[in-house]
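This report walks through a model with the sequence and the 3D view at hand. Please keep both open while reading.

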Amino acid sequence: MYEISLLTVMCFSVIFALSLNLITGFCGQISLGHAAFYGIGAYTAALFTTDGGSFWLALPLAMAVAGFFGFIVGFASLRVRHDFLAITTMGVGFLFTGFVRQQEFLGGEEGIAGIPDPGIGQIPYMLLCAVLAAAVIAFSLYVKRSWMGHAFDAIATDEDTARTLGIDVARYKLTAFVFGTALAGLAGALFAHYVKFVEVESFDFIESISVLAMVIVGGIGSVWGVVVAAAFLSVMPLLLQVFADFKLLFYGVLLFAVMYFAPGGIDSLMRMLWRRISGRRTAG
Amino acid sequence: MNYSDLLVQGLVEGCIYALIAVGLTLVYGLLRILHIAHAGIFTLGAYVGLLLTNETGSFAAAFVITVVAVGFFGMAFYRLFYEPLLDKPPHVALIASIGLFVAMEEIYRIVFGATSISFLAPPLKETVEVAGVRLEEGRIVVVILAVVLIGGLAVLAGRTRIGIAWRATVSDAAMAESFGIDLARVRYINFFVASALAAAAGIMVALLLNQVIPTMGGVPAYKALAIIVLGGLGNVKGTLIAALALGVIESFGTIYLDDVLDRDAIAFAFLIAVLMIRPQGLFSRR
């Protein structure tokens, strides 16, 4: 059914967007190659289940492999910062696609087809994605309020000051990268078993930019803003043909417009609206 | 293919990268903006140059008109899109620039179509022999252009009043302004030069491939980003060396690394390897 597939797409997109929000939103480490980890998760799960592995084992496996690579890339964030990190992570994305294209066991240009169905039916699969998305939302909200969330926030605001205050910057950055990339891997595995076919184009630079757009439009670091933006932006191309045809134009204009007019995204717009409604002059 | 062929091919590629990357590094040096949309301007140069050549029949005339026109376009681009963002945190301009680039590629697709356009009569296609290596004329023109344009730029920066104003602004904008330098003018000229160089590179790439497509800016431009990071963001000399080095490494890499990585990923493998050892780039001043 059409509505079921819309909801499924929405749910794994929310997971994917929140996974980037952990790294870029909470911890302030900009990543322009996040689709690589989505891809690593998707390819890991696809290889595992086409080889006869169980779907239920494929999910944690995809998370572990993506998280492992995220851990390695996290080290890059310890060495380079800001603009340098943006370009480095963009490079990670290109390395991933460049590597996959040349590997026969990953299907090269053709990709991997015939990924087996999880065998639980369409509606339960949607529910599974929804439960996992809810869990990731809860996890994000929990992290944001935890001690770790405050440490992330300090690093995002001013890394040097955070270090002076005795926050173990390296440990928290690596943690953010591992959590974020492992969740991207989970989203990738869910995506692979939804479309039953993975090819390298699904994880290229444009995909990294699309997920970044979800985080930016939602409001960097805001959990609910990102959920709304991801849910909305992921199903728009399926609902409106115009949006599908000119998807990149919309994304491009949206990214620019948000940065130009409302760098806080949906989150700050909603807060502004709420303040106006409730009549308070300043936020508490 | 023997070594000298590979080396020469690599240097020619490196000259193209240099033409693109020098503009990027100029913008970064002055404004601390990673100007991703530079790639869109590169593609614009390719389209305008190709269409004008087909229209007028003269490649040389089309080249000059395009380079100047796209230079002015770059100035307008800065005024409209970047100037209002200068006071915001750095990631704002970066993300806005990504958005602009993605939107530009899409606009080219809508305006010029998704299929490639070619020259009606491709110019500079004869091969000549230089020092034992057979080369297309177009490739020789690329090298001459790179030397003349970037050399001219060095003279401009070193010897003229505007060049001195430019260097003063790069090292300390507030101080330069207090000495009476018109910052807005320096920034306009900066964007004019950067965009004109990108347009020149765009036309030459269009000529060498004999085709223009909406997404052609992507790969060379991402590589240009890798190059300016390698060169130590904002450092023109470092950028030039990194551009030529990458051209040569890629040229040899396609022969020896092809089983592991495709050509376009080599730049980033190189970049990541270097950054892990020297996080400030190969030739940073600090």
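A residue counts as buried if 20 or more other C-beta atoms lie within 10 Å of its own, as exposed if 12 or fewer do, and as partly exposed in between. The model is a predicted one, and the counts below are computed from it. K196(A) has 16 other C-beta atoms within 10 Å, so this residue is partly exposed. K196(A) sits in the loop between α8 and α9 (205-218) of chain A. The phi angle of K196(A) is near 65 degrees, which is a positive value in a residue other than glycine.

N210(B) is found in the loop between α8 (183-209) and α9 of chain B. Its phi is positive, about 50 degrees, although N210(B) is not a glycine. N210(B) counts as partly exposed because it has 15 C-beta neighbours inside 10 Å.

Two further loop residues of chain B can be judged by the cut-offs above. Is I33(B) buried or exposed? I33(B) has 22 other C-beta atoms within 10 Å, so it is buried. Its place is the loop between α1 (3-31) and α2 (38-56) of chain B. Leaving out residues up to four places away in sequence, I33(B) touches residues including Y82(B), A93(B) and S97(B). I33(B) and V148(B) are 115 residues apart in sequence, and their C-alpha atoms are 26 Å apart in space.

P84(B) lies in the loop between α3 (59-82) and α4 of chain B. Because P84(B) has 12 C-beta neighbours inside 10 Å, it counts as exposed. P84(B) and V143(B) are 59 residues apart along the chain, and 37 Å separates their C-alpha atoms.

## Helix packing in chain A

Helix α8 (residues 169-195) of chain A packs with helix α2 (residues 35-50) of chain A at an angle of about 50 degrees, and the axes are 6 Å apart. This angle makes α2(A) oblique to α8(A). The crossing of α2(A) past α8(A) is right-handed. On the α2(A) side the contact includes F37(A), Y38(A) and G39(A), and on the α8(A) side it includes T181(A), A184(A) and G185(A). By class, the residues of this contact are 12 nonpolar, 7 polar and no charged.

Helix α1 (residues 2-26) of chain A also packs with α8(A), at an angle of about 165 degrees and with the axes 8 Å apart. α1(A) and α8(A) are therefore roughly antiparallel to each other. Here the crossing is left-handed. Among the residues that meet are T8(A), F12(A) and I15(A) in α1(A), and A176(A), F177(A) and F179(A) in α8(A). The contact of α1(A) with α8(A) has 18 nonpolar, 3 polar and no charged residues.

## Where the chains meet

The contact between the chains takes 32 residues from chain A and 36 residues from chain B. On the side of chain B that touches chain A, α4 (90-112), α9 (218-230) and α11 (263-277) each supply at least two residues. Which of the elements of chain B gives the most to this side? α4(B) does, with 14 residues. The residues on this side of chain B divide into 28 nonpolar, 2 polar and 6 charged.

One helix pair across the contact can be followed in detail. Helix α12 (residues 247-261) of chain A and α4(B) cross at roughly 155 degrees, and their axes come within 7 Å. The two helices, α12(A) and α4(B), are therefore roughly antiparallel to each other. α12(A) passes α4(B) in a left-handed crossing. Residues that meet include L248(A), L249(A) and Y251(A) in α12(A), and V92(B), I95(B) and A96(B) in α4(B). The contact of α12(A) with α4(B) has 17 nonpolar, 2 polar and 2 charged residues.

## Confidence in the model

The model scores ipTM 0.84 and pTM 0.88. Chain A averages a pLDDT of 90, and 98% of its residues score at least 70. Chain B averages a pLDDT of 87, and 98% of its residues score at least 70. Among the elements of chain A, α2(A) has the highest mean pLDDT (95), and helix α11 (residues 241-245) of chain A has the lowest (82).

Key
Residues numbered from 1 in each chain as written. Chains lettered and ligands numbered in written order. Predicted model: local features only at pLDDT ≥ 70, side-chain atom pairs only at ≥ 80, totals over all residues. Contact = placed C-beta atoms within 7 Å. Helix = DSSP H or I, 4+ residues; strand = E, 2+ residues; numbered from the N terminus. Nonpolar A, V, L, I, M, F, W, Y, C, P; charged D, E, K, R; others polar. Axes fitted to C-alpha atoms, helices over the stretch in contact; angles between N-to-C directions. Parallel < 35°, antiparallel > 145°, perpendicular 65-115°, else oblique. Left-handed = near helix turned anticlockwise from the far one by under 90°. pLDDT = per-residue confidence, 0-100.
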